[in-house]
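Subject: Model handover, cavities

Hello,

Here is the structure we discussed. Please open it before reading on.

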Amino acid sequence: MALATTALAATGEAGSTDGDCDPQSRFIFSWPMDNSCNNKPRGGTSTGDHVTLDDQPHAGWQQLQAMGLNKKERDRRAILAMAGGYKVSFDFLEVLGFRENFQRDKPYQSWGTEYVYVLANEPDFISLQHVMVMVFVDSEGQVSEPMVMKHWRQDWQYQAKQMLTYHHNNQWQLEKIPSSERKGSWAQTVYQVDDSPRYASYGTWQHNNSFSTWLSHTTRRPLPRREHSVRDDYDVLEGFNRHTITRTGWVQEEENWKLVLNDNGEPAADPYLSKELGVARYRTISGFDFKPGDDYMASAGQFWADVRSAFDAVIAEQKGFTLQRPKDAPPLFVPLFDYAAKVAEAKAYDAEKGKAFAEQTVRGYSGH
């Protein structure tokens, strides 16, 4: 078995702006005509333990290549092939600016070790939950205890009749997918770490012997967590993404336009600030201990199922969802993460109390 070993290392903040900077501080595919050191990425500053890349075709890929599958079943297997354990890297770069004296942002780069769990596997619906299991190495070479964090979720619906569309100001609405475009399509809905919605779109899968790929339509999405705490010069992302399954993992590519809105939520007179490209690479690994993630899902999984049910109820009632943080309250993920951590620590779940807490919390952040 051919294996390769690599270290996970995230890049820190930008350093000197001296024009004679170290070429290694430049971000690949950045702004090579700019002689400053402003190409060094922002993002994570931690270092992970060594992981082993597995160069053999993973099980999901092998199942996807089976002979005699009809189109829908091959689509399903492509989605299910995203499950499993990975080394993940995240890269985002502004490649175009449209305003006079536009100041590009620093590139963003981070990393993770992540397991993707199958929550639901039905003929027309598949749900995948991402959970990060991180091990850090300090400056003295000491390896930390694993840190487990529930990450994003992706739900896939075959020939969906409607999807949650983001507008602005933390407002989503259920909107119909044109009947002429449903045949053979899969709608993907992406959810935040707290199971609140993020964005949705739809598209079709294409397959060949080298890869399988899905390309979405263009839709709006709110500012990502990597941006909303540091940027206030645009209002929404308008973009599309592509998922591509390969022999050794999968890749998500994003093409986003940073859009400025007026008070009515419509594009401003000069609407676009810039364009960014993003690539998230999910690479199969072997020998990494994802058991802490398994344990977390086994103990806290039912609580998160109750959170999802609470969101489903509110979305059905409102024909959408509006995120409204109560006055002086922390972000929504804080109370939900805290409750889930207590459940995981106790390794026991009081279903009645947990369901009531999930419903009360979700409704409390949705104006109910």
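This is a predicted model: local features need pLDDT of at least 70, side-chain atom pairs count only at pLDDT 80 or more; totals for chains, interfaces and linings use all residues.

Residues are numbered from 1 along each chain as its sequence is written, and side-chain values use heavy atoms, with hydrogens and water left out.

The structure holds two cavities of 30 Å³ or more. A cavity here is a set of points, on a 1 Å grid over the protein atoms alone, where a 1.4 Å probe fits but cannot get out; lining residues have an atom within 4 Å of a point. Points are joined across faces, edges and corners, and volume is the space filled by probe spheres set on them.

**Largest cavity**
The space is about 50 Å³. R42, F92, L93, E94, D105, K106, P107, Y108, R226, E227, K258 and E276 line it. β4 (84-97) and α3 (225-228) each give at least two lining residues. β4 has the largest share, with three. Helices (H or I, at least four residues) and strands (E, at least two) are DSSP runs, numbered from the N terminus. By class, the lining has four nonpolar, no polar and eight charged residues. Nonpolar means Ala, Val, Leu, Ile, Met, Phe, Trp, Tyr, Cys and Pro; charged means Asp, Glu, Lys and Arg; the others, Gly among them, are polar.

**Second largest cavity**
The space is about 30 Å³. Its lining is Q129, K150, M297, G301, W304 and R308. Helix α4 (residues 291-318) supplies the largest share, four residues.

Best wishes

How values were computed:
On a 1 Å grid over the protein atoms alone, a cavity is a set of points where a 1.4 Å probe fits but cannot get out, and a pocket is an open set with protein on both sides within 12 Å along at least five of seven lines; lining residues have an atom within 4 Å of a point.
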